[in-house]
Amino acid sequence: MKRLIISCSAFLIGLVSYGQLQVSVSSGYALGSATMKLGEKVNVSETENSYGSYGEGTNVQIRGTYFFNDSFGADLALGYLNGSDQTISEVNIPSTNVDAIARARAFGASASVVYRFTNNIYGRFGALLKVGGKTEAVVYRKSVFSEDEAAAFGVPEGSYSKTNYKEDFHGHFPIGFVGALGYKYELNSNFSIFAEAEYYGISLKRKDSELSEFNTDIVLPDGTVASSGFYSLDNLPDGVNKQTTYVDDLSNTNTDTSKVLSQKVPYSSFGINFGVTYTFKRADKNL
């Protein structure tokens with residue numbers, strides 16, 4: 001046992017002694033991968049599915065990499081995803097128009113193993129986490145009043161309601177996969193630039209959502225606003241909940257509309273990153 005402890009200690013000291021630390025900053029763009037149905041597009045003649053992934057968009061990353069020797073290293077990274085708009089509902093029929101999109105605003109982290117195939121080519125793979133942020137839905141809805149509804153509101157036929165709202169969706173912390181293959185070009189002993197292809201494989205199970213903005217105006221046929229802020233975040237219409245909780249089980253007799261069955265949404269992507277790396281001076285093995 002004593003020899004084992006001494007041997008392990010010597011091995012770890014050797015790793016540190018010969019180690020090399022790098023810090024990198026990068027940015028890139030990713031396209032959705034393993035897309036799933038996010039919503040529908042409806043018009044008078046057909047209904048079409050809308051597919052996508054909330055992982056699509058631009059990202060910024062900062063990472064620290066420690067190489068134990070000339071080939072193997074460990075990598076820790078933090079990143080932010082500014083997701084592209086994904087269509088979740090698009091309705092164009094005579095009495096109703098809906099334009100609803102959702103987009104990711106998410107913070108993530110990863111821990112990876114790095115392997116240098118050559119001085120220029122490297123690969124890394126590991127675990128990916130979403131550690132914060134939200135999926136933000138932005139919704140516009142125009143609904144033309146029926147004759148009875150117009151009479152109830154005291155407005156002429158052809159009047160309509162115009163609603164704009166934002167809803168923030170949050171999820172349980174997931175674990176996914178990250179893999180990348182890159183090429184690094186050394187500028188000098190400290191600085192280098194790189195380009196890499198990166199894959200994220202991850203999905204998010206929804207936990208809850210909350211309205212952050214809500215406004216409904218009553219509008220006359222000529223576009224004049226008859227009543228501004230008829231509904232608001234503090235005065236929501238019947239059937240609209242400020243907060244919604246997503247659960248795995250729901251009784252068939254449930255009447256609480258603030259609870260709905262949970263679902264998984266895709267965050268997988270494949271993208272290209274470009275960045276710069278600063279390499280600290282290698283530890284002197286003779287010390």
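By salt bridge I mean a side-chain nitrogen of Lys or Arg within 4 Å of a carboxyl oxygen of Asp or Glu. Lys166 is in strand 9 and Glu213 in strand 12 (residues 203-219), so this pair ties together parts that are 47 residues apart in sequence. Helices (H or I, at least four residues) and strands (E, at least two) are DSSP runs, numbered from the N terminus.

Some background. This is a predicted model, where local features need pLDDT of at least 70 and side-chain atom pairs count only at pLDDT 80 or more, while totals for chains, interfaces and linings use all residues. Residues are numbered from 1 along each chain as its sequence is written, and side-chain values use heavy atoms, with hydrogens and water left out.

Back to the pair. Lys166 counts as partly exposed because its relative accessibility is 23%, and Glu213, at 43%, is also partly exposed. The cut-offs are under 20% relative accessible area for buried, over 50% for exposed, and partly exposed in between, with a 1.4 Å probe and protein chains only.

How many salt bridges does a search of the whole structure find? The search finds ten. In one of them, the closest N and O atoms of Asp75 and Arg63 are 2.6 Å apart. That pair links distant parts of the chain, with Asp75 in strand 5 (residues 72-83) and Arg63 in strand 4, twelve residues apart. Both Asp75 and Arg63 are buried. They also belong to a network of salt bridges that links Arg63, Asp75, Arg124, Glu196 and Glu198.

Another salt bridge joins Lys205 and Asp248, at 2.7 Å from N to O. Lys205 lies in strand 12 and Asp248 in the loop between strand 14 (243-247) and strand 15 (259-261), so parts 43 residues apart in sequence are tied together. Lys205 is partly exposed at 29% relative accessibility, whereas Asp248 is exposed at 51%.

Next, Asn59, which sits in strand 4 (residues 57-67). Is Asn59 buried or exposed? Its relative accessibility is 9%, so Asn59 counts as buried. Setting aside neighbours within four places in sequence, Asn59 is in contact (heavy atoms within 4.5 Å) with Ser26, Ser27, Gly28, Tyr29, Tyr80 and Asn273. Its C-alpha atom is separated by 9.6 Å from that of Gly271, 212 residues apart along the chain.

Last, Ala34, in the loop between strand 1 (20-32) and strand 2 (36-43). Ala34 is not a glycine, yet has a positive phi of about 50 degrees.
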